[in-house]
Amino acid sequence: MKSQIIEELGQSDILLPSLIAEGLHANDRVKARLSVLQAAASRVRAPEAAPFDLSQDCRTAGLDTVAMEALVSHARLLADERMMAPGLSGLVEAIWEDMAAMIRPIATGEAADGQAATGRLDAIRKGTSLEAADTMRLADVTGLTGLSDHGSDSLHRLVMDLHKGLNKLSEAHAEEILAGAHVFGLRKRDRAAVEAFMRGLETTRKLKFDHPGLSTVASQSEGRLTIQNDIGETDAHVVVIAVEDDAVTVTYTDVHLARARFFTGLLRDFPVKWSGLDRKSADGLGDDGVFYLVSGRCKTPDAESRDAFLAGVGASLVFLIDWNKARKRLKAWLPKPDTIRLLDWAARERVGHRGFLELGGSAFVAAAVHHATPTRIGFGERLDEVLGREAAMEFLKTVLRVSAEALLEGRTARSARDRIEADLVGRLERVDATLLAIVIRQSGLAREIAATLAHFVAERQAERPIDQALLAMSARQIEEKADRIALDARNEIARFDADRSIERLVNCIEETIDELEQAAFVASLVPEQLPPDLLSPLGQLCAAAVAGTEAAASGACAATLVPDGHQVDAEDALSAVGRLIEAEHAGDRAERAITATVLRGDFDMKTALGVLELSHAIERATDRLAGFGHLLREHVLADLSR
C-alpha cells in the first residue's frame with residue numbers, strides 16, 4: 001500500500017532502488033525458469049539421456065527445487081511436437097511476471113524505454129500460448145529459450161536488454177560509490193564484502209587497457225547481497241555473485257563454452273562446486289546462440305575466506321575480456337590446447353592478453369618474426385614446428401608479458417617488438433646450440449674409436465695380446481650409431497631451418513668417424529707382430545687423432561656458449577681450432593715417417609700394405625678434423641658478428 005501511495009503521489013523515484021533490486025532478482029529467476037523449460041523440452045526429446053541437475057540454479061534464484069525437478073522429470077511428448085508437464089502453465093505465467101518485474105524499474109526510470117519493452121513483451125506473449133493446461137508446443141519452447149535468427153526479437157534478447165538497462169539504472173541511481181562499485185541498500189556488514197571484490201578487481205583492472213567493461217553494481221535485498229559485473233561488451237557476458245552468511249554463489253553466463261570452462265579453471269584454488277557446463281553443452285547452446293550458464297557455490301565459513309574468494313573472482317574477470325579473440329590469434333602460432341594453457345598462464349601470472357591484442361595480436365608477432373628471422377620461419381608456419389613445443393610456449397609467454405609491460409610503462413610498440421625480436425633470436429640460437437650438442441656427441445664417438453686404435457698400438461708395443469676382430473666390430477657399431485645420430489641431426493636441421501654451417505660440421509665429423517672405422521677394420525687385419533720402428537710413429541699418429549677429436553668436442557662445446565656474449569667462450573672455441581690444426585700437422589708428420597720407414601725397409605708385403613693403409617686412414621681422419629676446425633672457426637666468427 002505504501003508503494004502504491006508513493007506512486008500515486010508521483011514520487012516513484014523514491015522506490016527505484018528497491019524496484020531495481022527486485023528487477024535484478026527477477027532476472028535471476030527468469031533465467032532459471034527458462035533453463036527449467038529448456039531442460040523439460042530436452043527431456044521429452046531424449047528421455048534416455050541423463051537427468052539434468054537443476055537444484056543449484058533453482059536454489060540460487062529462490063525457486064522451489066522439488067517442483068522444478070518434478071516438472072522436468074514428468075514432462076512427456078504428445079502428438080504434433082507438443083509437450084505436457086505438471087506445473088508448466090504456472091512456470092510460463094511466472095516467466096511473464098518476472099519479465100514485468102524487470103520492466104517496472106525501467107519504466108520508472110525511463111518511461112519511453114519501459115513502454116518499448118512492454119510492447120516487445122506483449123508481442124512475444126501473443127506469439128507464445130499454452131494450447132491447454134500444462135501443454136505447450138516445442139517450437140514455442142525454442143522461441144522462448146533461444147536467441148532469434150536474423151536479428152528478430154525474442155524473449156532471451158529482451159532479457160539481455162532489460163538486464164543491461166537495469167545495470168545502467170543501478171549505476172545512475174546508486175546511493176554511493178564504494179571502492180569503485182555503484183551500490184545501494186547495503187547493510188554495514190555488506191560493505192566489507194563489496195570492498196573485497198573491488199580490491200581484487202582493481203589489482204588487475206589496468207590489464208584491460210582501453211577496453212570498456214568491468215562496471216560493478218552491488219545491492220542488498222531480502223537479506224542477500226548481490227554483486228554484478230558486466231565484464232565486457234559481449235552480449236550475455238555477465239557474472240552475478242550472491243553473498244550469503246556462510247557461502248558465496250557465482251552465476252556466470254557466456255556465449256562461449258570454452259571461455260566458461262576457462263573461467264571455472266581460474267578459481268581452481270578455491271573449494272568451488274560447479275554445475276551447469278555439462279548440461280548446457282549437451283543442449284548445443286553455442287550453435288543456437290543461447291547462454292552457457294554455470295553456477296558455482298563456495299563455502300565461506302568466515303569473513304576472511306569469503307573476502308579472499310570474492311577478491312579472487314574480481315581479479316579473474318579482466319582475463320575474460322576478448323579471451324576468445326586472443327585464443328584465435330594465438331592459434332596461428334600454437335596448437336589449440338597450448339593456446340588455452342598459455343592464456344591460463346597469463347591470467348595466473350597477472351599478465352593477461354589484452355596488451356598483446358592492443359599491439360596488434362598475431363600481426364604484431366608476425367612482424368617481429370619476419371624482421372628477426374626472415375629465412376628461418378615461413379609464412380603460416382607455427383612456432384612449435386620451428387622452436388619446439390615448450391620453447392614456442394616460452395617465447396609467446398614473453399610476447400604477452402612484454403606487450404603488457406610496454407603499455408603499462410608507456411613504452412612504444414617498437415621497443416616491445418625489439419625486445420621480442422631479441423628473445424626470438426636468442427631462442428633460435430639456443431636451437432643451434434642444441435644441434436651443436438649433437439656435434440659434441442659425434443666428436444665423443446670419434447674419440448672412442450681413436451682411443452681404441454691408440455690402445456691397440458700400445459698393446460702391440462707392450463707385446464700383449466689383443467682381440468683384433470673385437471676392435472673392428474666395436475668400431476663398426478660406433479660408426480653405425482654415429483650414422484643414426486647424423487641422420488637425426490640433418491632432419492632436425494631441416495625442420496628448424498637451422499644454420500647450415502652446423503650441418504657441415506655434422507657431415508665433417510661423420511666423415512672423420514668413417515675414416516677411423518676404416519682404420520679399425522684395417523688394424524684387425526694387420527699381422528700380430530709389427531716392428532717397433534713402425535709401432536712408434538703409429539702411436540704418434542693415433543695420439544694426434546685422439547687429440548683432434550678432443551679438440552673438436554671442446555671447440556663445439558665452447559661454440560654453443562658464444563651467442564651468450566662471453567669473450568672467453570669465443571677464445572676457447574678458436575683455441576680449439578688451433579689445436580685441431582696442430583693435430584693435423586702432427587698426423588702428417590707421423591704418417592710420413594711411417595711411409596718413409598716402410599719404403600726404406602725390408603718388410604713383407606702384408607705388413608707393409610697393412611701399416612700403410614692403416615696410417616693413411618688415420619691421417620685422413622686428422623685431415624677431416626682440420627676441416628672441421630675451419631668450419632668451426634667460420635661458425636664462431638659469424639656468431640660474433642651477430
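Good morning, colleagues. I begin with Glu409, which counts as exposed at 52% relative accessibility. In the terms used here, exposed means over 50% relative accessible area, buried means under 20%, and partly exposed lies in between, with a 1.4 Å probe and protein chains only.

The model is a predicted one, in which local features need pLDDT of at least 70 and side-chain atom pairs count only at pLDDT 80 or more, whereas totals for chains, interfaces and linings use all residues. Residues are numbered from 1 along each chain as its sequence is written, and side-chain values use heavy atoms, with hydrogens and water left out.

First, the overall picture. The protein has 642 residues, and 53% of them are buried. Its secondary structure comes to 25 helices and twelve strands; these are DSSP runs numbered from the N terminus, helices being H or I with at least four residues and strands being E with at least two. If one takes the contacts (heavy atoms within 4.5 Å) between residues at least 6 apart in sequence, 73% of them join residues at least 24 apart.

Side chains of opposite charge can pair when their charged atoms come close. The criterion for a salt bridge is a side-chain nitrogen of Lys or Arg within 4 Å of a carboxyl oxygen of Asp or Glu, and the search of the whole structure finds 28 of them. Glu409 forms one with Arg411, with the closest N and O atoms 2.8 Å apart. Arg411 is partly exposed, at a relative accessible area of 27%.

A second example is the pair Glu394 and Lys397, whose side chains meet in a salt bridge at 3.2 Å, N to O. Why are these two about one helical turn apart? They are three residues apart in helix H19, which spans residues 389-408. Glu394 is partly exposed at 33% relative accessibility, whereas Lys397 is buried at 17%.

The third example belongs to a wider arrangement. Glu613 and Arg620 form a salt bridge, their closest N and O atoms being 3.7 Å apart. Glu613 is partly exposed, with a relative accessible area of 31%, and Arg620 is also partly exposed, at 26%. Through shared partners, salt bridges join Glu511, Glu515, Glu613, Arg620 and Arg624 into one network.

Which residues of H6 are buried? They are Gly114, Ala117, Leu121 and Ile124. These lie on the same side of H6, because they cover an arc of only 85 degrees around the axis; the arc is that of the directions from the helix axis to the C-beta atoms. The face turned away from this buried side carries the exposed residues Ala111, Ala112, Gln115, Ala123 and Lys126. The cover over the buried residues of H6 includes helix H5 (88-109), helix H7 (138-145) and helix H8 (155-172).

Within helix H5 sits Met99, which is buried at 0% relative accessibility. Beyond its neighbours within four places in sequence, Met99 is in contact with Val30, Leu121, Leu155, Leu158, Val159 and Leu162. The C-alpha atoms of Met99 and Arg29 are separated by 9.6 Å, although the two are 70 residues apart along the chain.

My last topic is a pair of strands. Ser275 lies in strand E11 (residues 272-275) and is buried at 16% relative accessibility. Outside four places in sequence, its contacts are Gln56, Asp57, Leu293, Val294 and Ser295. Arg297 lies in strand E12, residues 292-299. The contacts of Arg297 beyond four places in sequence include Gln56, Glu244, Val272 and Lys273. Its side chain also makes a polar contact with the side chain of Thr249 at 3.0 Å. A polar contact is a pair of N or O atoms within 3.5 Å; within protein, one must be able to donate a hydrogen and the other to accept it, and residues adjacent in sequence count only if both atoms are side-chain atoms.

Finally, the cysteines. How many disulfides does a search of the whole structure find? The search finds zero, taking a disulfide as a pair of cysteine sulfur atoms within 2.5 Å. Cys298 is buried, with a relative accessible area of 2%, and Cys542 is buried at 1%. Thank you.
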